[in-house]
Amino acid sequence: MSSKKNNIKAFFKTLPKNIFSGFVVSLIALPLGLGLAMASDAPPIAGIVAAVVGGIVVSLLGGSHVTISGPGNGLVGVLLIAITTLGIESAYAAIICSGVLMALLGFFRMGKLADFFPSSAIQGMLAAIGLIILGKQFHIMFAHKIKREDTLDYLFEIPFTINDAIHYENKGLIFAALAGVISLSIMLFYSKLRNKYLQLIPAPMWIVILSIGFSYYFEIILHQENPISKEYMISGIPSIQTIIEDIQLPNFSKIGGFSFWGSVLAITLIASIESLLSIKAVDKLDPEKRRSNVNRDLKALGFATIGSGFLGGLNVVTVIARSSVNVNNGASNRSSNFFHATFLVLFIVLFSTQLTRIPLPALMAILVYTGYKLASPNVIKKIFSIGKEQLIIFFTTLIVTLKIGLISGILAGVIITFIIHVVLNKTLSLFVRNVLKPNVLMFQESGDQNSFYVSVKHFCSFLNYYKLKDKLDAIPEDRDIIVDFSLCSFVDHTVMENMHNYQELFKKRGGHFDVIGLDMHDTDSKHPFALRRLLPVPNIIKNNLTRRQTSMESLAEDYGLNYNSEKQKEINFLHRFLFFNTKTINHIYNQLSYKNNNINLFDIEFSEGEFIAKEVIRTTMLNIKLEHNIPEFTLDREGFLEKVYLFAGFKDIPIQNHLDFSKRFYLLGDNEEAIRRFFNDDLVHFFESNPYYHIESNGSSILIFGKERLASVKEVKALFDFGKRLKDVIYSRDI
């Protein structure tokens, strides 16, 4: 009973944060829902219906913690085909049937489905989806509607569309194309502006705000009509009352046809894979590192899709981009998904007429950017660095998906992966003889209840990885595990990628995950999947130093510091800092150390978000190791954003007799009494008389950094000096 009361108390304590996060997510979901629906040839409101129904149903019935549900990027191509071939009412019937199948996958505990697909094949399928989205929406972004049979034809037409747009004479088309180009520029460069005030509003919502503002400028200030051609403006946004009155009942008359069930299977496959991959990625972002119940989530997504289909909405899936934003804005439970749906309803009730002021090319720019992220050249570069044979799997899946279809594409990826595995191992019998045999043995180390040993034999690939995964998922992440592949003849890239993910997960939860037995494997023949890349081995800079590294090396010589340019991945000392709770650290490099490594300054690369929402950030930080424990706290300059945080439940700690300090600085921490004692007069005066930095204590060390970018040599000197003097002030006090 007390546990239940504590859960209820914790829920209401975190409610303001989840409401705030739900609001921010809704700002992205609104334009994206409209754009995805129109890209699928469905009514614009269909995307919003899917987001609202998904947000409500999944928040009540789902098994994940901080995910957001709604219409998915990956379904645009297959829904477009379904609506084109079946008609909109029969397509709703197909959506409902796909929801039933998805719910059945959950009931039959088929959440492990995603584990049966090779990583490179999934990447190829996602890249193909990205090209389908990009190819078809790029032309609308330039106010140039065309009809082609093949996705490749859409891609080949892109240069001609750009050329036509340059030579437009029609004023309405010129403004429409400009709206698309400006919107695409916002999507491309917005993430580079590391300004906490600007980024309160997501890039897609800026596009909506600027579009509506542009329309009102011509109407109110210039007393003219919107110069953008009317055929490229959003139309058909009904009111809530009209939506209820005009609900189109699904037409099941084509349920006996092959094309109907082909669409149902394709929709179900893509919706399931996109959801499972997104849930897996968001679990890595969850600050509490909870594991989602994927089978329960599949059931909830299935029920939500059924409801959405009956109400005239699209499929409901778990979406990574909106989920990443949700986590980064402090969401802690499923209520944020519910509030994101609630705010969407409010937007439609209050501002449905305003949405018709948004140009279609502006929304398509959001989707073009999404498509580019899915099929970015960086994806191909990453696949190539893993192994040349992975490019064969990747491009086979991509081309077959583009030319034939999504189901054929992923099946082609699975088949070519298996063929490559057989060719590389020069034996078919290894797989045929052992695929059904148990190949994983797990036991606890004798005398130590916290240590587990897992031995894998025969082979471990996407075909039988689920056996290993079942064992690993049964072990709490704060324990120690050794996974031994010494009896395993072959380990594929998919498995090694997952082993790396487990290592990161256990490291963050205080456990230890070690992979052994691969030192005898040949990465050129039996294991050509770049094991070295997936295991935590530093990449060493052997020869030429960059200009920045040369400057850092000179600075080290001048100040008597130790300098190391190598990338370091053993960075456990950073995992206990609150700042990195929802971020993934890739490595540190360009390390300057002082006095037995008690003060370390370094460049760091970390990422926010996952999948297509992933943003890589490089900045310069300083870490001070302390000889005595101090209270855990976070100190920042107080501004408008910090005042807003008060409404979301974040409480600033005032320091008695230092009113000016309390006004200028934002101080957070759980142990208020200890923090007040720690911030004595000397420490307060030090912070008041020095430049502002983000300062964070994890109890045993202090993390300091300024702006979220690499520091100049001058800034490096200032940061190092600040850290040395701060340490002196801390140790000048009585501890």
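In which sense do strand S8 and S9 pair, and over how many bridges?

1. The model under review is predicted. In it, strand S8 (residues 583–594) runs antiparallel to S9, and nine bridges link the pair.

2. Strand S9 itself covers residues 599–608 and is mostly covered, with ten of its ten residues buried. In a regular strand, side chains alternate between the two faces of the sheet. Ile599, Leu601, Asp603, Glu605 and Ser607 point one way from S9, while Asn600, Phe602, Ile604, Phe606 and Glu608 point the other way. The residues of both sets are buried, the acidic Asp603, Glu605 and Glu608 among them.

3. For the whole protein chain, the secondary structure amounts to 28 helices and 14 strands. Of its 735 residues, 56% count as buried.

4. The radius of gyration of the protein chain is 27 Å, which agrees with the value near 27 Å for a compact globule because that value follows from a length of 735 residues. The C-alpha trace spans about 80 × 75 × 65 Å along its principal axes.

5. Among contacts between residues at least 6 apart in sequence, 76% join residues at least 24 apart. The protein chain exposes about 32700 Å², of which carbon and sulfur atoms supply 59%.

6. The mean positions of the 72 positive and 64 negative charges lie 2 Å apart.

Definitions and conventions: Residues are numbered from 1 along each chain as its sequence is written. This is a predicted model: local features need pLDDT of at least 70, side-chain atom pairs count only at pLDDT 80 or more; totals for chains, interfaces and linings use all residues. Side-chain values use heavy atoms; hydrogens and water are left out. Buried means under 20% relative accessible area, exposed over 50%, partly exposed in between (1.4 Å probe, protein chains only). Helices (H or I, at least four residues) and strands (E, at least two) are DSSP runs, numbered from the N terminus. Two strands pair if DSSP finds at least two bridges between them. The radius of gyration is taken over C-alpha atoms; the globule rule is 2.2 Å times the number of residues to the power 0.38. Contact means heavy atoms within 4.5 Å. Accessible areas come from the Shrake-Rupley method with a 1.4 Å probe; for residues, only the protein chains shown count as cover. Lys and Arg count as positive and Asp and Glu as negative; His and the chain ends are not counted. The place of a charge is taken as NZ of Lys, CZ of Arg, CG of Asp or CD of Glu.
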